[in-house]
Amino acid sequence: MNQFVLAAMITGTVFAGFMGAQLAPIAAASSSNVATPAAEADDDQISPYPVVIELFTSQGCSSCPPADMLAERLAKDDSLLVITRPVTYWDRLGWKDSLARPENTNLQRAYASKGNEGSGVYTPQIVVNGVDGAVGSREGDIRSLVRLTRKSGPTIETENNARGELIVTIDGKSDFMAGVSLVALSSSETVRIGRGENGGRTLHYTNVVKSERNLGSWRGQPARFVIATEHLNVNGADKYAVILQRPGAGPIVGTKLLDI
């Protein structure tokens, strides 16, 4: 079934039997509208940061491989930080996604509850800077959202202390609080699919989330966070990023790919 599929509406309830030709106009119907800014105007814009592109995908979704390939291309752009978040709700179709995490599914549902452009719980979906979404294989729609999103925020700097810990310093001013998280990523994953809609295919994934750790909160003033060395040695991860995101799956207001 080479069609877009609907996983659930905003309530998170899974629906089966929807044909992709029916979903695609729904999921991307507002792609021509003006995108919602990722942050309010009273944040102090200091430093440019990569736009975060989160791809919600599944090994059990036959419509997802084109989006997975697009994510690989987008990841070559230094102005973007592509993060692949495999979801769990298609595991019931005969193949359990070996990279899926319940936390990814929960985040997508939280985004969907906001009702922003392109919202919903479906695959493939890309969400730009935690705000607006689009069908994950529609490069034109995605790049339009990237052009419209805000790309500056607090400065994020890193250095090592004498104990080998990584010190993250965030400098900037804002009237809004943001959670600070460390995301561990695997830059490349290759999976042979044994059953299900993609049975017999070998699929490739880019910047797959392996773990996430809450470092604390940034409250709009200069702040420092310490990352222990063991938290930069996550099994299967070869790159790490710090992400600032407003509470409740709000907009992403800053990010830095760590140079370690």
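A: Two strands are said to pair if DSSP finds at least two bridges between them. Helices (H or I, at least four residues) and strands (E, at least two) are DSSP runs, numbered from the N terminus. This is a predicted model, in which local features need pLDDT of at least 70, side-chain atom pairs count only at pLDDT 80 or more, and totals for chains, interfaces and linings use all residues. Residues are numbered from 1 along each chain as its sequence is written, and side-chain values use heavy atoms, with hydrogens and water left out.

Q: In which sense do S9 and S10 pair, and over how many bridges?
A: Strand S9 and strand S10 (residues 166-171) pair in the antiparallel sense over six bridges.

Q: What do strands of a sheet pair through?
A: Strands of a sheet pair through backbone hydrogen bonds, either parallel or antiparallel.

Q: Stepping back, how many helices and strands does the protein chain have?
A: The protein chain has four helices and 15 strands. It comprises 260 residues, of which 53% count as buried; buried means under 20% relative accessible area, exposed over 50%, and partly exposed in between (1.4 Å probe, protein chains only). Among contacts (heavy atoms within 4.5 Å) with a separation of 6 or more, 70% are between residues 24 or more positions apart.

Q: Turning to salt bridges, how many are there?
A: The count comes to nine, a salt bridge being a side-chain nitrogen of Lys or Arg within 4 Å of a carboxyl oxygen of Asp or Glu. In one of them, the side chains of Glu54 and Arg85 meet at 2.8 Å, N to O. Glu54 lies in strand S3 (residues 51-57) and Arg85 in strand S4 (residues 80-86), so the pair ties together parts that are 31 residues apart in sequence.

Q: Is Glu54 buried or exposed? And what about Arg85?
A: Glu54 is buried, at a relative accessible area of 2%, and Arg85 is buried as well, at 3%.

Q: Which residues are linked with them in a network?
A: The network of salt bridges links Glu54, Arg85, Arg101, Glu103 and Glu212.

Q: What about Lys210 and Glu189?
A: Their side chains meet in a salt bridge of 3.5 Å, N to O. This pair links distant parts of the chain, with Lys210 in strand S12 (residues 202-218) and Glu189 in strand S11 (residues 178-192), 21 residues apart. Lys210 is partly exposed, with a relative accessible area of 28%, whereas Glu189 is buried at 18%.

Q: And which residue forms a salt bridge with Lys96?
A: That is Asp91, with the closest N and O atoms 3.7 Å apart. Lys96 counts as exposed at 60% relative accessibility, while Asp91 is buried at 19%.

Q: Last topic: where does Asp141 lie?
A: Asp141 lies in helix H4 (residues 139-148) and is buried, with a relative accessible area of 19%. Its C-alpha atom is separated by 10.0 Å from that of Gly118, 23 residues apart along the chain.
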